[in-house]
Amino acid sequence: MEQVQSDTQSAREGIPATKFCKHCGAKIPTEAILCTACGRQVEELHTGNPQPNIVITNTNTNVVGGRPFLREKNKWTALLLCFFLGWLGAHKFYEGKVGMGVLYLFTMGLFGIGILVDFIVLLFKPNPYYI
């Protein structure tokens with residue numbers, strides 16, 4: 001109560017009202033948002049527009065284009081198929097990519113280049129991955 005009286009009394013006398021910084025303890029003006037001594041923020045900024053409440057409802061389902069991914073594939077299975085039977089396109093058939101599997105079958109794994117690229121790509125995929 002004495003602090004309020006002294007503030008109003010000092011305001012009447014022309015002396016600006018002060019408060020103490022909660023970080024360094026220095027006397028600062030009552031209206032100050034930043035401490036004039038240490039530079040730290042002592043009050044919250046009050047703007048005319050309050051922050052809207054943002055609600056994120058992420059059910060964490062794997063859905064793209066309205067169609068859920070249903071095929072979960074094991075990275076290591078695909079990697080071993082690519083390494084041993086890549087020239088037959090076995091890893092592509094495992095992923096359900098029949099057209100690419102047939103292409104790999106007739107071109108011996110896109111002449112070996114496709115197998116090498118797929119092996120590197122499969123190596124860096126997460127386990128499990130979704131097709």
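Working through the model

User: Where is Gly99 found?
Analyst: Gly99 is found in helix α4, which covers residues 98-111; helices here are DSSP runs of H or I with at least four residues, strands are runs of E with at least two, and both are numbered from the N terminus. This is a predicted model, in which local features need pLDDT of at least 70 and side-chain atom pairs count only at pLDDT 80 or more, while totals for chains, interfaces and linings use all residues. Residues are numbered from 1 along each chain as its sequence is written, and side-chain values use heavy atoms, with hydrogens and water left out.

User: Is Gly99 buried or exposed?
Analyst: Gly99 counts as exposed, at 55% relative accessibility; buried means under 20% relative accessible area, exposed means over 50%, and partly exposed lies in between, with a 1.4 Å probe and protein chains only. Its C-alpha atom is separated by 9.8 Å from that of Gly89, ten residues apart along the chain.

User: Stepping back, how many helices and strands are there?
Analyst: The protein chain has five helices and six strands, and from the N terminus on they run α-β-β-β-β-β-α-α-α-α-β. Of the 131 residues in this chain, 22% are buried.

User: What makes up the largest nonpolar core?
Analyst: The largest nonpolar core has seven residues, namely Ala78, Leu79, Cys82, Ile115, Leu122, Tyr129 and Ile131. A nonpolar core is a set of buried Ala, Val, Leu, Ile, Met, Phe, Trp, Tyr and Cys residues joined through side-chain atoms within 4.5 Å. Helices α2 and α5 each supply at least two residues of this core, and α2 gives the most, with three. A second, separate core has five residues, including Cys21, Ile28, Cys35 and Val42.

User: With those cysteines about, how many disulfides are there?
Analyst: The count comes to zero, with a disulfide taken as a pair of cysteine sulfur atoms within 2.5 Å.

User: Which helices hold Phe83 and Phe119?
Analyst: Phe83 is in helix α2 (residues 75-85) and Phe119 is in helix α5 (residues 113-123), and the pair links distant parts of the chain, 36 residues apart. Phe83, Phe84 and Phe119 form one aromatic cluster. Within it, Phe83 is exposed at a relative accessible area of 56%, Phe84 is also exposed at 55%, and Phe119 is partly exposed at 26%.

User: What lies over the face of Tyr94?
Analyst: Lys73 does, at 5.0 Å from the ring centre; a charge sits over a ring if NZ of Lys or CZ of Arg is within 6 Å of the ring centre and within 35 degrees of the ring normal.

User: Last topic, the backbone: which peptide bond is cis?
Analyst: The bond from Asn127 to Pro128 is cis, with omega near -5 degrees, and Pro128 has its place in the loop between α5 and β6 (129-130). Most residues other than glycine have a negative phi, and most peptide bonds are trans. Met108 has a positive phi, near 55 degrees, and lies in helix α4. Leu110 likewise has a positive phi, near 50 degrees, and its place is in helix α4.

Definitions and conventions:
Phe/Tyr/Trp six-rings, centres within 6.5 Å; stacked < 30°, edge-to-face > 60°.
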